Every structure is written in structure tokens, then in C-alpha cells.
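My entries follow the order in which I looked things up.

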Amino acid sequence: MTRHNYLFTSESVSEGHPDKVCDRISDEIVDLVYREARKTGMDPWKVRVACETLATTNRVIIAGEVRVPETLLKKDKDGNVVKDASGHPVVNPSKFRSVARKAIREIGYEQQGFHWKTVRIDVLLHGQSPDIGQGVDNAADRQGEEGAGDQGIMFGYACRETPDLMPAPIYYSHKILELLAAARHKGEGEVAKLGPDAKSQVTVRYVDGKAAEVTQIVLSTQHLDESWDSKKVRQVVEPYIREALGDLEIAPDCNWYVNPTGKFVIGGPDGDAGLTGRKIIVDTYGGAAPHGGGAFSGKDTTKVDRSAAYAARYLAKNVVAAKLADRCTIQLSYAIGVAQPLSVYVDLHGTGKVNAATLEEALREVMDLSPSGIRRHLDLNRPIYAKTTAYGHFGRKPGRDGSFSWERTDLVKAIRDAVSRREALAA
């Protein structure tokens with residue numbers, strides 16, 4: 001039986017968290033490859049990126065497999081593409097280093113242990129393995145559509161707890177850090193003395209299944225003034241926390257834990273090593289919904305870890321926006337080299353106005369859920385991914401550049417109509 005009265009907690013991390021620095025660099029490389037493909041006339045459908053980043057004290061290592069335009073490859077003196085011992089094309093590291101350095105600068109790292117000017121950046125990218133590539137490319141040859149880049153399960157979720165149809169704890173955890181980061185970048189008063197690295201955590205009390213009040217607030221944020229203690233940090237950040245929480249009530253006995261360990265001066269990759277893909281729950285629903293396990297950042301959209309998770313969120317959000325349910329979880333599953341999903345599962349958590357099995361059929365009707373169908377429908381072959389890497393991939397506003405297209409609610413009518421047709425046939 002569903003619980004109606006309980007506490008639930010989610011966390012977020014800032015753009016300067018070590019793992020998020022790595023996510024940002026990996027997705028800057030995805031964007032670089034898409035940008036360069038569009039600029040040079042390379043078919044963006046043929047772009048392939050699987051990029052991992054490691055960051056530590058004054059060191060960044062970028063590794064992985066790519067299929068990129070020739071402008072990003074190393075050439076010999078005769079203009080021929082250089083290949084390694086395995087026959088993979090060798091990338092020219094200069095543009096990859098450049099976008100990584102720019103990302104570190106924009107995040108705000110100018111510290112002795114991690115500085116955008118002096119950090120050493122090693123680029124260990126090479127051409128994609130043909131054994132992996134054939135799973136996608138050969139399916140396209142056989143069926144007119146590309147196969148999934150890997151097997152896996154992906155989940156999407158939406159609920160009525162916030163205006164963006166996201167769970168309240170993760171929504172407000174993100175908002176706190178977003179406001180603080182915006183103020184830091186603008187140089188607003190003493191907030192300008194905060195560092196890029198921060199973590200937030202919000203505990204929400206649910207009453208009758210609805211978010212009623214905040215009972216615990218945790219914020220740990222780097223500060224560049226070594227004289228600051230926890231009391232001083234709270235004085236600086238509390239107005240932004242209250243603004244972020246908006247109309248959500250703070251309980252009279254709410255516990256505030258601001259920099260509970262005390263001083264937090266050494267932060268970012270100098271304080272703790274970072275890796276791409278280590279904050280997947282922060283990226284999605286804060287633990288309020290299932291997660292398939294695959295990370296998003298550093299992957300082109302043939303990888304269903306990314307594209308199908310976006311599609312599942314898109315469908316779930318449109319189901320809730322269509323008022324067919326108050327909560328919706330969608331699971332999609334794929335096999336490498338196979339175009340269409342092996343299964344589509346819908347759970348309406350007892351809030352549905354329609355039969356879940358009918359909805360499963362309707363969703364397949366209104367959207368082609370093959371990787372190529374998803375990429376086409378959501379227009380994903382674009383350099384739009386660096387901005388996804390902080391403050392969540394979901395619950396964001398669709399941009400004019402095509403970013404966050406999976407947050408649109410333009411399928412509401414189509415889903416309603418498809419459900420109505422199927423219900424009429426069954427009557």
C-alpha cells in the first residue's frame with residue numbers, strides 16, 4: 001500500500017563539484033563533435049562519442065571512443081589521417097583541451113590546486129571500435145533505422161509536486177544551488193566569496209501524499225575566505241535558500257546544517273577526485289523514481305542510456321500534463337543493435353484515469369521509440385548537452401536552441417486521442 005505520510009530526502013551538487021566538472025567536460029566534448037560535424041558537413045547521424053573524464057589536483061584525463069569529422073583528427077605532413085597501432089584514427093588533442101579548459105574557467109576554478117590556466121589536460125580519445133559501431137550502423141543498413149548502441153533499461157518519471165512536474169526534494173535541492181551559483185557568477189556581495197564546489201540536501205515531509213514542509217536543510221559550500229566559519233556561511237546563504245524554497249513551508253523546528261564540518265576552503269578536484277557519471281541520481285529524480293543505472297554525460301544519443309531516458313521522461317511528463325495520472329513511471333528496454341524497444345512498461349501508481357496497458361500501446365503509437373525515432377522526434381543531433389550537466393537533466397525549461405526538448409508537453413493531445421481510440425475499440 002502506498003504511504004501518504006512520510007519524510008523523503010534528495011540531494012544535489014553544484015557545477016563545481018568534482019564529478020560535475022567531469023560531466024561538464026565530457027559533454028563539452030559531445031557538443032564540440034556535434035558543432036564541428038554541422039560546420040564541416042559531416043552527417044550528424046554518424047557522430048559517435050563515448051567520453052569519460054577524470055579530474056584531480058591540477059590534472060584532467062579525457063579518454064574514450066569517438067567518430068568525429070576529419071577536422072578533429074591528427075594529420076601527417078602529407079595531410080593523411082594518422083592511425084594508431086590498432087588502426088584507429090588519432091584525434092588532434094588541441095580543440096578537446098581547449099573546450100575542457102574553457103569549461104573549467106566558466107565554472108570558476110582559479111585556485112592553486114585547480115586552475116583553468118595551469119591544469120594539465122591529457123586527451124586519450126581514439127576512434128570507435130568497429131565491433132561496437134556495427135551494432136548501430138548495420139541495423140540502419142538492414143532496417144532503415146539505427147539499432148540501439150547498447151542493451152539496457154531506462155526510466156522516466158513525472159508527478160504533480162512542482163510546476164515542472166518533478167519530485168519536490170530534488171527540485172528544491174537543485175534550486176538552492178542554482179540561485180547560489182547565479183549570484184556567485186554575478187559577483188553579488190559576499191556570495192562572490194563562495195567557491196564553485198557545493199552540495200545541498202532537502203528533506204520534505206509529505207502529508208496525505210503531498211509535499212507539506214521542509215524539515216531538514218543541508219548545505220555544504222566552498223568558501224574562499226578562510227576566516228569564515230559555519231555561522232558566517234549560513235548568514236550569507238540563508239536568504240538564497242529561503243528564496244529557492246519559495247512557497248514550500250520551512251517547518252518551525254527545521255534543522256539547518258550549513259557547512260556542518262566547519263571550514264570548506266579546499267574544494268573541487270583538488271579536494272576530491274571526480275569522474276564522469278558518478279551523480280546519476282542527482283541527474284534524474286533524486287531517488288524518488290527508479291534509475292536504469294546508465295549515466296548520461298559524455299555520450300552521443302545513439303546511446304539509449306541517454307536518448308531513451310530522455311524519451312521516457314518526455315512521455316511520462318506528457319502523460320501527467322494530459323491529466324491521465326498524477327504520477328507516472330515509464331520503463332523502456334533495449335538490446336544492442338536492435339532498433340525498437342523490447343518492452344514498454346507504465347506504472348501510474350494508483351493515480352491513473354486510464355488503463356496502464358492501454359497507455360503502453362498508445363505511447364508506442366504516438367512516438368517512434370527506436371534510437372533514430374527518438375533523436376528525430378526530440379531533435380537531439382545538436383550541441384546542447386553541456387548545459388544539462390548541472391542541476392538536473394529534467395525539470396528544466398526547453399531552450400530556443402533545442403535544449404531540453406524532452407521537457408516539452410506537446411504530446412498531450414496525441415496521447416489523449418490515442419488512448420480514446422483504443423478505449424473506443426475495446427468498448
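**Salt bridges**

I looked up Lys-199 and found its side chain in a salt bridge with that of Glu-11, at 3.9 Å from N to O. I count a salt bridge where a side-chain nitrogen of Lys or Arg lies within 4 Å of a carboxyl oxygen of Asp or Glu. Lys-199 belongs to strand β8 (residues 194-207) and Glu-11 to strand β1 (residues 6-13), so the pair ties together parts 188 residues apart in sequence. I take helices (H or I, at least four residues) and strands (E, at least two) as DSSP runs, numbered from the N terminus.

The model is predicted: local features need pLDDT of at least 70, side-chain atom pairs count only at pLDDT 80 or more, and totals for chains, interfaces and linings use all residues. Residues are numbered from 1 along each chain as its sequence is written, and side-chain values use heavy atoms, with hydrogens and water left out.

I then checked accessibility, with buried meaning under 20% relative accessible area, exposed over 50% and partly exposed in between (1.4 Å probe, protein chains only). Lys-199 is partly exposed at 34%, and Glu-11 is partly exposed at 27%.

Next I examined Asp-164, whose side chain meets that of Lys-397 in a salt bridge of 2.8 Å, N to O. Asp-164 sits in the loop between β7 (152-159) and α4 (168-186), and Lys-397 in the loop between α9 (371-378) and α10 (412-426), 233 residues apart. Asp-164 is buried, with a relative accessible area of 7%, whereas Lys-397 is exposed at 59%.

Lys-317 is in helix α7 (residues 304-321) and Glu-407 in the loop between α9 and α10, 90 residues away. Both residues of this pair, Lys-317 and Glu-407, are buried.

I also noted one network in which salt bridges with shared partners join Glu-361, Glu-365, Arg-421 and Arg-422. The count of salt bridges comes to 31.

**The three-stranded sheet**

I traced an open sheet of three strands in the order β7-β12-β13, with antiparallel pairing; two strands pair if DSSP finds at least two bridges between them. β7 and β13 (343-347) are the edge strands, each with a single partner, so one side of each has no neighbour in the sheet.

Between β12 (residues 327-334) and β13 I found five bridges. Ser-333 has Ser-343 in β13 as its bridge partner.
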